[in-house]
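Colleague: Hi! Could you walk me through this model? I'd like to start with a single residue and then zoom out.

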Amino acid sequence: MGVVIVFVVLVVGFLYTYNHPPSRFRQYRATGWNSYFHIAAWGVLFSTAGALCTLAMMWLLNALSWFADFFPFIIGSEFRFPLLGDSIFTYGLPAHLSVGTIFSLILGAAMAYGQAKSKGDEFKRDGKALMKEYGRLSQSDGLEHLLFQSMQDDLLVLITLKSRKVYVGIVQQPRFLHGDLENVVIIPMLSGYRDKDSLAFQISHSYREYYDKHDIREAEGRLTLSHFRTVIPTAEIESASLFDLQTYTQFQQDGNHSAKS
(Lines give C-alpha, C1' and ligand atoms only; values in the text may rest on other atoms or scores of the structure.)
Protein backbone atom coordinates (compact mmCIF):
# COMPACT_ATOMS: atom_id res chain seq x y z
CA MET A 1 0.00 0.00 0.00
CA GLY A 2 2.81 2.39 0.89
CA VAL A 3 4.53 1.87 -2.44
CA VAL A 4 1.29 2.59 -4.32
CA ILE A 5 0.73 5.81 -2.39
CA VAL A 6 4.33 6.97 -2.98
CA PHE A 7 3.92 6.24 -6.70
CA VAL A 8 0.67 8.21 -6.90
CA VAL A 9 2.22 11.13 -4.97
CA LEU A 10 5.08 11.24 -7.51
CA VAL A 11 2.56 11.16 -10.36
CA VAL A 12 0.72 14.09 -8.77
CA GLY A 13 4.01 15.99 -8.52
CA PHE A 14 4.85 15.19 -12.13
CA LEU A 15 1.44 16.46 -13.31
CA TYR A 16 2.16 19.80 -11.69
CA THR A 17 5.81 20.25 -12.70
CA TYR A 18 5.12 19.20 -16.31
CA ASN A 19 2.19 21.57 -16.85
CA HIS A 20 3.43 24.52 -14.76
CA PRO A 21 6.00 26.38 -16.93
CA PRO A 22 8.30 27.73 -14.16
CA SER A 23 8.34 24.38 -12.34
CA ARG A 24 8.99 22.56 -15.61
CA PHE A 25 11.91 24.92 -16.26
CA ARG A 26 13.40 24.15 -12.84
CA GLN A 27 12.76 20.44 -13.30
CA TYR A 28 14.63 20.32 -16.61
CA ARG A 29 17.57 22.10 -15.02
CA ALA A 30 17.62 19.84 -11.96
CA THR A 31 19.91 16.81 -11.86
CA GLY A 32 20.17 13.68 -9.74
CA TRP A 33 18.24 13.57 -6.50
CA ASN A 34 17.24 17.22 -6.82
CA SER A 35 14.98 16.24 -9.70
CA TYR A 36 13.17 13.59 -7.62
CA PHE A 37 12.89 15.86 -4.57
CA HIS A 38 11.42 18.64 -6.71
CA ILE A 39 8.67 16.36 -8.03
CA ALA A 40 8.09 14.75 -4.62
CA ALA A 41 7.75 18.14 -2.88
CA TRP A 42 4.93 19.24 -5.17
CA GLY A 43 3.34 15.79 -4.99
CA VAL A 44 3.28 15.86 -1.20
CA LEU A 45 1.90 19.42 -1.21
CA PHE A 46 -1.06 18.70 -3.49
CA SER A 47 -1.72 15.23 -2.02
CA THR A 48 -1.88 16.84 1.42
CA ALA A 49 -4.22 19.51 0.08
CA GLY A 50 -6.41 16.76 -1.39
CA ALA A 51 -6.43 14.90 1.94
CA LEU A 52 -7.40 18.05 3.85
CA CYS A 53 -10.24 18.79 1.41
CA THR A 54 -11.44 15.19 1.71
CA LEU A 55 -11.34 15.42 5.51
CA ALA A 56 -13.30 18.68 5.37
CA MET A 57 -15.95 17.06 3.15
CA MET A 58 -16.12 14.10 5.54
CA TRP A 59 -16.68 16.42 8.51
CA LEU A 60 -19.29 18.38 6.55
CA LEU A 61 -21.26 15.23 5.69
CA ASN A 62 -21.08 14.05 9.30
CA ALA A 63 -22.30 17.45 10.44
CA LEU A 64 -25.25 17.15 8.05
CA SER A 65 -25.99 13.69 9.50
CA TRP A 66 -25.95 15.06 13.05
CA PHE A 67 -28.20 17.94 11.99
CA ALA A 68 -30.64 15.52 10.30
CA ASP A 69 -30.75 13.46 13.52
CA PHE A 70 -32.03 16.47 15.43
CA PHE A 71 -35.54 16.29 13.91
CA PRO A 72 -36.24 12.61 14.78
CA PHE A 73 -34.93 13.41 18.27
CA ILE A 74 -37.53 16.21 18.64
CA ILE A 75 -40.47 13.97 17.73
CA GLY A 76 -39.15 11.05 19.76
CA SER A 77 -38.40 8.76 16.86
CA GLU A 78 -35.79 6.01 17.17
CA PHE A 79 -34.61 6.58 13.60
CA ARG A 80 -31.05 7.86 13.25
CA PHE A 81 -29.15 8.88 10.12
CA PRO A 82 -25.82 7.13 9.59
CA LEU A 83 -22.68 9.26 9.63
CA LEU A 84 -22.43 9.89 5.90
CA GLY A 85 -18.80 10.99 5.97
CA ASP A 86 -17.69 7.86 7.81
CA SER A 87 -19.80 5.53 5.69
CA ILE A 88 -18.56 7.01 2.38
CA PHE A 89 -14.92 7.80 2.98
CA THR A 90 -13.88 4.98 5.32
CA TYR A 91 -15.38 2.12 3.34
CA GLY A 92 -12.67 -0.56 3.16
CA LEU A 93 -11.41 -2.07 -0.08
CA PRO A 94 -9.59 -5.39 -0.65
CA ALA A 95 -6.34 -3.49 -1.13
CA HIS A 96 -6.74 -2.02 2.38
CA LEU A 97 -7.20 1.43 0.88
CA SER A 98 -10.20 3.46 1.93
CA VAL A 99 -12.35 5.36 -0.50
CA GLY A 100 -11.21 8.51 1.30
CA THR A 101 -7.54 7.77 0.54
CA ILE A 102 -8.24 7.15 -3.14
CA PHE A 103 -10.51 10.19 -3.37
CA SER A 104 -7.94 12.46 -1.71
CA LEU A 105 -5.21 11.34 -4.13
CA ILE A 106 -7.46 11.85 -7.15
CA LEU A 107 -8.53 15.23 -5.81
CA GLY A 108 -4.87 16.18 -5.25
CA ALA A 109 -4.03 15.21 -8.85
CA ALA A 110 -6.95 17.27 -10.17
CA MET A 111 -5.89 20.27 -8.09
CA ALA A 112 -2.28 19.98 -9.29
CA TYR A 113 -3.26 19.77 -12.94
CA GLY A 114 -5.86 22.54 -12.69
CA GLN A 115 -3.52 24.92 -10.86
CA ALA A 116 -0.66 24.28 -13.30
CA LYS A 117 -2.80 24.75 -16.41
CA SER A 118 -4.37 27.89 -14.98
CA LYS A 119 -0.95 29.42 -14.33
CA GLY A 120 0.31 28.40 -17.77
CA ASP A 121 -2.71 30.03 -19.44
CA GLU A 122 -2.16 33.15 -17.37
CA PHE A 123 1.41 33.45 -18.63
CA LYS A 124 0.20 33.11 -22.23
CA ARG A 125 -2.36 35.88 -21.71
CA ASP A 126 -0.32 38.26 -19.56
CA GLY A 127 2.95 39.28 -21.22
CA LYS A 128 4.11 41.32 -18.21
CA ALA A 129 3.67 38.42 -15.80
CA LEU A 130 5.45 36.15 -18.28
CA MET A 131 8.51 38.40 -18.56
CA LYS A 132 8.61 39.04 -14.82
CA GLU A 133 8.71 35.30 -14.10
CA TYR A 134 11.24 34.68 -16.87
CA GLY A 135 13.50 37.42 -15.48
CA ARG A 136 13.41 35.80 -12.06
CA LEU A 137 14.15 32.34 -13.43
CA SER A 138 16.96 33.53 -15.71
CA GLN A 139 19.06 35.02 -12.92
CA SER A 140 20.97 31.79 -12.31
CA ASP A 141 22.02 31.16 -15.92
CA GLY A 142 24.16 33.38 -18.14
CA LEU A 143 22.67 32.35 -21.50
CA GLU A 144 19.13 32.46 -20.15
CA HIS A 145 19.63 35.94 -18.72
CA LEU A 146 21.07 37.14 -22.03
CA LEU A 147 17.99 35.85 -23.88
CA PHE A 148 15.76 37.54 -21.32
CA GLN A 149 17.60 40.85 -21.69
CA SER A 150 17.29 40.58 -25.48
CA MET A 151 13.52 40.26 -25.21
CA GLN A 152 13.13 42.85 -22.45
CA ASP A 153 15.22 45.55 -24.17
CA ASP A 154 14.03 44.66 -27.68
CA LEU A 155 17.56 43.92 -28.88
CA LEU A 156 18.82 41.34 -31.33
CA VAL A 157 20.94 38.45 -30.12
CA LEU A 158 24.07 37.28 -31.95
CA ILE A 159 24.75 33.54 -31.68
CA THR A 160 28.01 32.00 -32.85
CA LEU A 161 28.05 28.26 -33.48
CA LYS A 162 31.00 25.93 -33.09
CA SER A 163 31.14 25.72 -36.90
CA ARG A 164 31.76 29.56 -36.95
CA LYS A 165 28.31 30.04 -38.49
CA VAL A 166 26.64 33.15 -37.03
CA TYR A 167 22.96 34.02 -36.65
CA VAL A 168 21.55 37.37 -35.58
CA GLY A 169 17.87 37.39 -34.73
CA ILE A 170 14.92 37.96 -32.43
CA VAL A 171 14.36 35.52 -29.58
CA GLN A 172 10.92 34.11 -30.32
CA GLN A 173 9.68 33.38 -26.79
CA PRO A 174 10.93 32.49 -23.31
CA ARG A 175 12.25 28.95 -23.27
CA PHE A 176 10.55 28.11 -19.99
CA LEU A 177 7.14 28.64 -21.62
CA HIS A 178 7.52 25.65 -23.97
CA GLY A 179 10.02 23.79 -21.75
CA ASP A 180 12.60 23.19 -24.49
CA LEU A 181 16.00 23.93 -22.95
CA GLU A 182 17.87 21.94 -25.58
CA ASN A 183 17.31 24.58 -28.26
CA VAL A 184 17.18 28.33 -28.76
CA VAL A 185 14.51 29.50 -31.21
CA ILE A 186 15.08 32.79 -33.04
CA ILE A 187 13.67 34.63 -36.03
CA PRO A 188 16.82 35.38 -38.05
CA MET A 189 17.55 38.90 -39.28
CA LEU A 190 21.15 38.38 -40.42
CA SER A 191 23.43 35.41 -40.91
CA GLY A 192 27.10 35.06 -41.70
CA TYR A 193 30.33 33.58 -40.39
CA ARG A 194 33.39 34.29 -38.32
CA ASP A 195 36.56 35.05 -40.28
CA LYS A 196 38.98 32.16 -39.74
CA ASP A 197 41.86 34.51 -38.88
CA SER A 198 40.37 37.60 -37.23
CA LEU A 199 37.12 35.93 -36.06
CA ALA A 200 35.33 39.12 -37.10
CA PHE A 201 31.66 38.71 -37.98
CA GLN A 202 31.04 38.85 -41.71
CA ILE A 203 27.43 39.24 -42.92
CA SER A 204 26.36 36.90 -45.73
CA HIS A 205 22.58 37.26 -45.82
CA SER A 206 20.12 39.92 -44.68
CA TYR A 207 16.76 38.33 -43.88
CA ARG A 208 15.39 41.70 -42.83
CA GLU A 209 15.67 43.01 -46.40
CA TYR A 210 13.78 39.93 -47.65
CA TYR A 211 11.05 40.43 -45.04
CA ASP A 212 10.63 44.09 -46.03
CA LYS A 213 10.71 43.38 -49.76
CA HIS A 214 7.99 40.74 -49.55
CA ASP A 215 6.01 42.50 -46.81
CA ILE A 216 6.35 39.63 -44.35
CA ARG A 217 4.91 40.59 -40.99
CA GLU A 218 4.62 39.05 -37.56
CA ALA A 219 1.04 37.80 -37.87
CA GLU A 220 -0.28 38.65 -41.32
CA GLY A 221 -0.21 37.09 -44.78
CA ARG A 222 0.46 33.65 -46.16
CA LEU A 223 3.98 33.76 -44.74
CA THR A 224 4.71 35.26 -41.33
CA LEU A 225 7.94 35.79 -39.43
CA SER A 226 7.32 32.63 -37.41
CA HIS A 227 7.64 30.57 -40.61
CA PHE A 228 11.29 31.63 -40.78
CA ARG A 229 12.14 30.71 -37.19
CA THR A 230 15.42 28.88 -36.75
CA VAL A 231 16.03 26.26 -34.08
CA ILE A 232 19.60 26.30 -32.76
CA PRO A 233 20.77 23.41 -30.53
CA THR A 234 22.18 24.81 -27.30
CA ALA A 235 25.02 22.26 -27.43
CA GLU A 236 26.22 23.80 -30.74
CA ILE A 237 26.45 27.36 -29.39
CA GLU A 238 29.99 28.64 -28.97
CA SER A 239 29.07 32.09 -27.70
CA ALA A 240 26.18 34.55 -27.58
CA SER A 241 25.87 38.30 -27.14
CA LEU A 242 23.47 41.16 -27.68
CA PHE A 243 23.67 42.81 -31.09
CA ASP A 244 22.95 46.32 -32.35
CA LEU A 245 23.27 46.83 -36.10
CA GLN A 246 24.15 50.53 -35.81
CA THR A 247 26.98 49.81 -33.39
CA TYR A 248 28.24 46.96 -35.59
CA THR A 249 28.25 49.23 -38.66
CA GLN A 250 30.14 51.93 -36.77
CA PHE A 251 32.77 49.42 -35.65
CA GLN A 252 33.17 48.23 -39.22
CA GLN A 253 33.64 51.79 -40.47
CA ASP A 254 36.12 52.61 -37.73
CA GLY A 255 38.06 49.45 -38.48
CA ASN A 256 38.24 50.20 -42.20
CA HIS A 257 39.31 53.75 -41.50
CA SER A 258 42.11 52.55 -39.20
CA ALA A 259 43.29 50.02 -41.78
CA LYS A 260 43.52 52.74 -44.49
CA SER A 261 45.43 55.06 -42.17
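Colleague: Is Pro 233 buried, partly exposed or exposed?

Modeller: Pro 233 is partly exposed, with a relative accessible area of 36%. Before we go on, please keep in mind that this is a predicted model.

Colleague: Noted. Where is Pro 233 found, and what does Pro 233 touch?

Modeller: Pro 233 is found in strand 5, which covers residues 230-233. Not counting residues up to four places away in sequence, Pro 233 touches Glu 182 and Asn 183. The C-alpha atom of Pro 233 is also 6.3 Å from that of Val 184, though 49 residues separate the two along the chain.

Colleague: Nice. Let's zoom out: how many helices and strands does the protein have?

Modeller: There are 10 helices and 6 strands. Of the 261 residues, 34% count as buried.

Colleague: And which share of the contacts joins residues at least 24 apart?

Modeller: Taking contacts between residues at least 6 apart in sequence, 60% join residues at least 24 apart.

Colleague: What about the surface? How much of the accessible surface belongs to carbon and sulfur atoms?

Modeller: The accessible surface comes to about 16200 Å², and carbon and sulfur atoms hold 60% of that.

Colleague: On to the inside. Which residues touch the most other members of the largest nonpolar core?

Modeller: That core has 21 residues, and Val 157, Ile 159, Phe 176, Ile 186 and Ile 232 touch the most other members. Two or more residues each come from helix 6 (127-137), helix 7 (142-152), strand 1 (156-161), strand 2 (165-171), helix 8 (175-178) and strand 3 (183-194).

Colleague: Which element gives the most to this core?

Modeller: Helix 6 does, with 4 residues. There is also a second, separate core of 13 residues, which includes Val 166, Ile 187, Leu 190 and Tyr 248.

Colleague: Back to Val 157 for a moment. What is Val 157 in contact with, beyond its neighbours within four places in sequence?

Modeller: Among its contacts are Leu 146, Leu 147, Ser 150, Val 171, Ile 186 and Phe 243. Val 171 sits in strand 2.

Colleague: Is Val 171 buried or exposed?

Modeller: With a relative accessible area of 7%, Val 171 falls under the 20% cut-off, so Val 171 is buried. Leaving aside neighbours within four places, the contacts of Val 171 are Leu 147, Ser 150, Met 151, Val 157, Val 185 and Ile 186.

Colleague: Which elements supply at least two residues of the lining of the largest pocket?

Modeller: Those are strand 2, strand 3 and helix 9 (207-213). Helix 9 gives the most to the lining, with 3 residues.

Colleague: Which residues other than glycine have a positive phi?

Modeller: I can point you to two. Arg 164 has a phi near 75°, and Asp 215 has one near 55°.

Colleague: Where do Arg 164 and Asp 215 sit?

Modeller: Arg 164 is in the loop between strand 1 and strand 2, while Asp 215 is in the loop between helix 9 and strand 5. Arg 164 is partly exposed at 37% relative accessible area, and Asp 215 is partly exposed at 47%.

Colleague: Last stop, the other end of the sequence. Where is His 20 found?

Modeller: His 20 is in the loop between helix 1 (2-19) and helix 2 (21-29). His 20 counts as buried, at 8% relative accessibility. Ala 116 and Lys 119 are in contact with His 20, setting aside neighbours within four places in sequence.

Colleague: And Ser 35: which side chain does Ser 35 join in a polar contact?

Modeller: That of Gln 27, at 2.4 Å. Ser 35 belongs to helix 3 (residues 33-75) and is buried, with a relative accessible area of 16%. Beyond neighbours within four places in sequence, Ser 35 is in contact with Gln 27 and Ala 30.

Colleague: Great, thanks for the tour!

How values were computed:
Residues numbered from 1 in each chain as written. Predicted model: local features only at pLDDT ≥ 70, side-chain atom pairs only at ≥ 80, totals over all residues. Heavy atoms only, no water. Buried < 20%, exposed > 50% of the residue type's maximum accessible area, 1.4 Å probe, protein only. Polar contact = N/O pair within 3.5 Å; in protein donor to acceptor, adjacent residues only side chain to side chain. Contact = heavy atoms within 4.5 Å. Core = buried A, V, L, I, M, F, W, Y, C linked by side-chain atoms within 4.5 Å. Areas by Shrake-Rupley, 256 points an atom, 1.4 Å probe, with all protein chains shown as cover.
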